[in-house]
Amino acid sequence: MTFDPAQRIDLFHDAINRLDYEAIENFFAEDATYVSNGVGSLAGRAAIMEAFRGYFDTYPDQTASNSLVETLTPLSGRAVWSVRATNSKTGKPLIREGEETITFNEDGRVVRVDVTDYKDF
């Protein structure tokens, strides 16, 4: 399968913005890894999806936008993003800015996400 990683990242982020859990889950390979200074290291699609659901239970109004999405290699890309949300339990606003590098397998499924927040949140 030939694909453009930058376009694939746009589709992945669109599914996240729509909170389409089925689509999000379908992006991940079964043995995917998700590494973030906010949530730590998660191994496997089930653990990643559990974390996604927990995060969006807390921040259901999140809006995210990309200022840059670029292809790095035939199987990876990078996105620079910003996020605004409100904690549903405390009412405290959340502002995040950062970047992520996403690596895909040949089938276009996410095998690794490395997230770097520019500031602690």
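Q: Which residues of helix 3 are buried?
A: Helices (H or I, at least four residues) and strands (E, at least two) are DSSP runs numbered from the N terminus. A residue is buried under 20% relative accessible area, exposed over 50% and partly exposed in between, with a 1.4 Å probe and protein chains only. By that rule the buried residues of helix 3 are Arg-45, Ile-48, Met-49, Phe-52, Tyr-55, Phe-56 and Thr-58.

Q: What pLDDT do local features need in this model?
A: Residues are numbered from 1 along each chain as its sequence is written, and side-chain values use heavy atoms, without hydrogens and water. The model is predicted: side-chain atom pairs count only at pLDDT 80 or more, totals for chains, interfaces and linings use all residues, and local features need pLDDT of at least 70.

Q: What is the distance between the end C-alpha atoms of helix 3?
A: The expected span of a helix is 1.5 Å times one less than its number of residues. For the 14 residues of helix 3 this gives 20 Å, and the distance between its end C-alpha atoms agrees, at 20 Å.

Q: How many aromatic pairs are there?
A: Rings of Phe, Tyr and Trp (its six-membered ring) pair if their centres lie within 6.5 Å; planes under 30 degrees apart are stacked, over 60 edge-to-face and the rest tilted. Counted this way, the aromatic pairs number eight.

Q: What is the centre-to-centre distance of the aromatic pair Phe-52 and Phe-56?
A: These two rings form a tilted pair, with 40° between their planes. Phe-52 and Phe-56 are separated by about one helical turn because they are four residues apart in helix 3 (residues 45-58). Both are buried. Their centres lie at 6.3 Å.

Q: What is the centre-to-centre distance of the aromatic pair Tyr-55 and Tyr-59?
A: This pair is also tilted, again with 40° between the planes. Tyr-55 is buried at a relative accessible area of 17%, and Tyr-59 is buried at 14%. From centre to centre the pair spans 5.1 Å.

Q: Which residue lies over the face of Tyr-21?
A: A charge sits over a ring if NZ of Lys or CZ of Arg is within 6 Å of the ring centre and within 35 degrees of the ring normal. At 4.9 Å from the ring centre of Tyr-21 lies Arg-53.

Q: Which strands stand at the edges of the sheet?
A: Two strands pair if DSSP finds at least two bridges between them. The open sheet has six strands in the order 2-1-6-5-4-3, with mixed pairing. Each edge strand has a single partner, so one side of it is left without a neighbour in the sheet; the two are strand 2 (40-43) and strand 3 (63-73).

Q: At what angle does helix 3 run to strand 1?
A: Axes are lines fitted to C-alpha atoms, for helices over the stretch in contact (heavy atoms within 4.5 Å), and angles run from 0 to 180 degrees between N-to-C directions. Helix 3 lies across strand 1, strand 2, strand 4 and strand 5. To strand 1 it runs at about 55°.
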